[in-house]
Amino acid sequence: MMSKSSLLKVILLGDGGVGKSSLMNRYVTNKFDSHLFHTIGVEFLNKELEVDGRQVTLQIWDTAGQERFRSLRTPFYRGSDCCLLTFSVDDGQSFHNLANWKKEFTYYADVKDPDSFPFVVLGNKLDVPERQVSGEDARQWCRENGGHPYFETSAKDATNVASAFEEAVRRLIVSDDKDDQLDLNNTVDMHRKRDSESTCC
Ligand SMILES: Nc1nc2c(ncn2[C@@H]2O[C@H](COP(=O)(O)OP(=O)(O)OP(=O)(O)O)[C@@H](O)[C@H]2O)c(=O)[nH]1
Ligand SMILES: [Mg+2]
């Protein structure tokens, strides 16, 4: 049950250089640095926000995408409420690697039901004219791999960055309310069982 002001852990995964750190920095500090160093391990920033009337503290975990840092980042996957699978639209290989990132996350985060886990897919660097990945190909991948929401973003000019993070939170609120509804229904069922017991004696 999400308390009034809930802490939600969102993790950014994807190839080195696709723009994960830039997306986090743009969203939290509204800054963009065109000479960012590669992330080593993980870093996180918090952001308070209100989505559909709910106060949320978003804890955004930014991970190192380079293969050599795999052992440094994987211990931090557990406990994530949402995973932002990130590629850049000017890097076809980073798009083809999305499946590997999803598999790596599912394994190390010990996700019980990957089909219902909230993944959101981000195609970053929308501002770069030389696209290697079309929006249609990306949307098709999302449809065929779990119906994940897809956003095309630019950390450089801030296009769609806030809406991508807010959609991730919205998904969590919706799924949490569904869980609550399920809990509520179970409580009501329990009540009905007691009635039937009382009639049998
Ligand atoms: N044109 C453009 N450049 C971007 C964008 N986002 C990031 N970059 C640049 O791409 C390079 C890599 O960005 P990072 O944010 O460091 O990428 P990363 O995914 O964190 O990389 P790792 O830390 O190695 O995993 C940097 O030079 C950024 O300035 C974008 O939306 N548009
Ligand atoms: Mg980084």
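Guide: A nonpolar core is a set of buried Ala, Val, Leu, Ile, Met, Phe, Trp, Tyr and Cys residues joined through side-chain atoms within 4.5 Å; buried means under 20% relative accessible area, exposed over 50%, and partly exposed in between (1.4 Å probe, protein chains only). This is a predicted model, in which local features need pLDDT of at least 70, side-chain atom pairs count only at pLDDT 80 or more, and totals for chains, interfaces and linings use all residues. Residues are numbered from 1 along each chain as its sequence is written, chains are lettered from A and ligands numbered from 1 in the order in which they are written, and side-chain values use heavy atoms, with hydrogens and water left out.

The largest nonpolar core comprises 24 residues, and Leu58, Leu84, Leu122 and Phe165 have the most contacts inside it. At least two residues of this core come from each of strands S1 (5-13), S2 (42-51), S3 (54-63), S4 (82-88) and S5 (119-124), and from each of helices H1 (20-29) and H6 (161-200). Helices (H or I, at least four residues) and strands (E, at least two) are DSSP runs, numbered from the N terminus. Helix H6 gives the most to this core, namely seven residues.

Leaving aside residues up to four places away in sequence, Leu122 touches Leu12, Leu23, Leu84, Leu85, Thr86, Phe87, Tyr150, Phe151, Thr153 and Ala164, where contact means heavy atoms within 4.5 Å. Another core, of 23 residues, lies apart from the largest one and includes Ile11, Val42, Cys83 and Leu85.
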